[in-house]
Amino acid sequence: MKKIEIYIISALLLGAVWLTLAGKIEKNDKELCPYKLISQAVQIENKITVDDLAKKLMTKDPSIVLIDVRSADEFKKFSLSGAINIPLEKLLADDNLPIINQEVNNNIFYSNGSDKAAKAWLICNRLGYKNNFYLSGGLNSWIKDIIKATPPEETASKEDFELYNSRKAASIFFGGGTVGESNNSSAAPAAASSKPLRKKESAGGGCN
Amino acid sequence: MPSDATYELNPKAALAYAITDSNIISPELLASLIYAQDPKANYQFVDLRNPQDYDNEHVDGAINIPLSKIVNINNCNVLLDKNKIYIFYAATSDQAIIAGNVIRQVGIKNFLVSKGDFNYIKNNILDAYKINSANYDSEKPAYDYAKVIAESSGPNVSSASRSSTAPVSAVPKTKKKESAGGGCN
Amino acid sequence: METLERSKRYMNPYLAGLIIGIAMIAAYYFSAEGLGSSGGFKTVVVATTNAINHDYAKKTKFFESYVSEPESRPIKTWLVFELIGVMVGAIISASIAGRLKIGIGKSPKITNKTRLIAALSGGILWGVGTQLGRGCTSGLIMSGMAVNSLSGYIGLAAVFGGGYAIAYFFRKLWI
Amino acid sequence: MGPLFSQGIIGEELNMFIGFLIGILFGFGLESGGFANTRKLAGVFYGYDFVVLKVFFTAALTAAIGLFLLDRYQIMDINLTFYPKTFWLPTLIGGLIMAFGFIIGGFCPGTSLCAASTGKIDGMVFVGGVFLGIIGYAFTSATLWEGLKNKGALGKVDIATALGLSDGLFILLVTIVAVIAFVVVTKIEAHMKAKHDYQL
């Protein structure tokens, strides 16, 4: 046998042995097929409205993790209190996997609007990661509906007034509003009673 | 292959696509296509809303494929005519974005997504031409958030808004499946 | 082998195999495609028929899927470009080795006419067989084996097993 | 992470050009391995020249080992690539027809193209035959073949999984069989060459 033949044949054998010893990588078997992904995507439960988010934050729901998917710059300029920043680009970075792939907390992705957060949600959901949601309307809605909550017209229904009242309360709670007192205490206003830790949120919330 | 509806992009590639924000139609083109009414044009509007909304009012010439049906085999085949460019719009922008991303992930490329939802199209194109008077891109900040907060609550705001809830640290995955935790699903 | 023959000698078969294997890995890595031949032939036939008589092509089931299934088009043309490359590559290799000349390859014991008739018949059989079996030696068997596809091994067994089974009856053509 | 084209990392035109370059490498390998020489090809069935077997298995195994290693180290996702689906019956029957074509014609489509482009008239005639065969199939497909073509559909079948082995182990076994075959056929070749005086 010529030298070159011996080299090539040994390389093949070595490669095959290597491949055998290398074993299989764990592939994600939780990954959703496109049908399932879409059928999940149309469900309203994936989204949380700004009102529900406000409620959950005021009650200090401990399961909530706010994830800001905007750029670090935008995050620095303004973010919701307590949010962590995972720019969309870094969503699947190894460091972030324990955050997005977990079964304890409820992650809420948010961005300026709904779109960027929806993309983050879509990727996570395709991978079969649970307990991820996104904020419907994003910060734009948050400011418009909560912080700058405007009173309904005189003729509006009772529900509208109730909604406005709760928004106003939230607005005050989150630093908006016109009350004179300074707002840097972390105690929740009396209106928002805090719930016991880790109790299943049965009635409220955008998800169930 | 799209007809089997399996992914062409793996999750990382899907994310890379999601970041680029490609396949977005500009409001100008959107408006000119809606006004053009050229039956020979290769553009096909796709209304992703539910059939009731579609029946109520829709862009002329649009076909109705509710978002939930977008990757059904039949609809994937509908979308396969390479000579056409499909333009998706939905009731909310995120639904159109989701449709576009999933469709791209299964390998379809000849489509555009309207970032403006149907209300935008109706108010700013169909009923009156004023595409710039409303926010076409919902991701564009409508306010200077920090300023709004500062104005509405005076000084000390940043500390106030930052500290009112303590940052929640992510808990690593637990071994056992939490059955009760997380009030969703 | 004498020095005179050196330039006309073929490359070491294992080295040639390695080159083809690397070409195949590249085809998968860049284009998600296996190396194929019959698919490219088919595309040429389909495109020609479509150009001559589009209505016929649209009506006939064999062509229809290619004419109306636009998503499959780029991949199919990829095979055509690949085949053009194959011709160029073969010419390069043959001219380096001094094998580039007109001639007929055959056993000295048969006539040119016999050889050409046999080649034509063999080609026709391949044409039919590849369409039924979904690919040829490269596209079905070699590419199939490269990804551990069962169909590659079925093709291997059928083509080479069948070949050995019937070789005896056609030995006059070759030895 | 590959494959690059299906993930939109390279465009359609660049992809075509890469196809052309890969074709050159393929054609070069085929021709220099002797695949344009019909007598070398037919030799595998008569025991006087096993170059086909050597080149073929080396190529298939190189590709298999390379691809599965790329997949293993997440450089490329093998699930996103061309994967011949299994239709066992038409493949078996088509394979037998191809076997006849191989023995009678002395080429397969890829090698005939190499032969044709390097000046072999029989190669050109063979290529013409392949076109005729495909056209003949096309015009008779609805009446003769359509029923058979989709019989025995099994979908994507991984032979290693079907045998209950890991992909790596299966490839290792095939490699070992191939290496043994290489040694044996080299012996046969020498024996046949000594016994008969074949001119290639």
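A: Contact means heavy atoms within 4.5 Å. This is a predicted model, where local features need pLDDT of at least 70 and side-chain atom pairs count only at pLDDT 80 or more, while totals for chains, interfaces and linings use all residues. Residues are numbered from 1 along each chain as its sequence is written, chains are lettered from A and ligands numbered from 1 in the order written, and side-chain values use heavy atoms, leaving out hydrogens and water.

Start with D:Asp122. It sits in helix α6 of chain D, residues 121–149 (a helix is a DSSP run of H or I, at least four residues, numbered from the N terminus). D:Asp122 is buried, at 1% relative accessible area (buried is under 20%, with a 1.4 Å probe and protein chains only). Its side chain reaches across to chain C: the backbone nitrogen of C:Gly105 lies at 3.3 Å.

Now D:Thr175. This residue belongs to helix α8 of chain D, residues 167–195. D:Thr175 is buried too, with a relative accessible area of 0%. Its contacts involve chain A: beyond four places in sequence, D:Thr175 meets A:Leu12, A:Leu13 and A:Ala16. D:Leu61 and D:Ile65 touch D:Thr175 as well. D:Phe57 is 118 residues away along the chain, yet its C-alpha atom is 8.4 Å from that of D:Thr175.

Methods:
Helices (H or I, at least four residues) and strands (E, at least two) are DSSP runs, numbered from the N terminus. Buried means under 20% relative accessible area, exposed over 50%, partly exposed in between (1.4 Å probe, protein chains only). A polar contact is a pair of N or O atoms within 3.5 Å; within protein, one must be able to donate a hydrogen and the other to accept it, and residues adjacent in sequence count only if both atoms are side-chain atoms.
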